[in-house]
Amino acid sequence: AIQGIGGSECASCVDANPYMSKQELYAIKTGSKVRDDISGKDCVQYGKKAESYLRELFILDFPEYKVNYHEFDIFFNDKYPFVFATLDGELTDLKGRHGILEVKTTEIHCQKQWEEWTDDTIPQNYYCQVLHQLLSTLNYNFEFVVLKAQIKYHDKNGKLHIKVNHYFFERSDMINDMQYLLNAEIDFNNHVQK
């Protein structure tokens with residue numbers, strides 16, 4: 001396993017991860033707790049299998065982007081190599097700017113979860129991941145992120161509905177948030193290394 005902080009862990013550093021507290025992540029990173037194996041969970045398996053199809057749909061729906069995907073590429077921040085990420089896709093827009101594609105699948109079970117997904121906002125843990133990916137790739141000059149979210153939910157009659165949203169983020173609009181997360185990750189890593 002790679003030592004450091006990955007995209008699915010970064011939100012824990014600012015207590016914005018509903019699945020893992022900062023204390024739990026610290027215990028895992030310092031070896032006093034074994035990470036739970038969630039790879040067999042249905043939602044994880046679904047997300048893993050759906051990613052390639054959703055990426056292909058993105059290519060069809062947004063032909064203005066060139067999309068590349070390299071499954072085993074890991075990006076590290078040059079100055080802080082414990083900050084790393086893998087990407088669901090690398091984008092190039094019509095102006096030649098480079099960006100990141102992030103693909104999410106989620107299932108809504110309660111009203112509180114719906115409130116985190118609006119036309120303009122995403123859950124805090126996913127926003128942290130967007131920031132973290134930009135931090136991990138700073139030396140690659142990625143200027144934006146597009147997050148494609150497939151949201152599943154059942155109505156009161158049990159009928160399945162699927163909604164797909166796209167969220168567009170510009171790095172230049174997120175500098176302060178990126179710095180806040182980076183400071184938290186540096187602080188967390190310093191405690192782990194003690």
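The structure holds 15 aromatic pairs, a pair being two rings of Phe, Tyr or Trp (its six-membered ring) with centres within 6.5 Å; planes under 30 degrees apart count as stacked, over 60 as edge-to-face and the rest as tilted. To begin, select F62 and Y65: this aromatic pair is tilted, at 6.4 Å centre to centre with 55 degrees between the planes.

The model is predicted: local features need pLDDT of at least 70, side-chain atom pairs count only at pLDDT 80 or more, and totals for chains, interfaces and linings use all residues. Residues are numbered from 1 along each chain as its sequence is written, and side-chain values use heavy atoms, with hydrogens and water left out.

Are F62 and Y65 buried or exposed? F62 counts as buried because its relative accessibility is 15%, and Y65 counts as buried at 15% as well. Buried means under 20% relative accessible area, exposed over 50%, and partly exposed in between (1.4 Å probe, protein chains only).

Select R55 and Y69: the charged end of R55 sits over the ring of Y69, 3.6 Å from its centre. Select K152 and Y46: K152 lies over the face of Y46, 4.0 Å from the ring centre.

Finally, select strand β7, residues 160-170, which contains V164; strands are DSSP runs (E, at least two residues), numbered from the N terminus. V164 counts as partly exposed, because its relative accessibility is 38%.

Terms used: Helix = DSSP H or I, 4+ residues; strand = E, 2+ residues; numbered from the N terminus. Lys NZ or Arg CZ within 6 Å of the ring centre and 35° of its normal.
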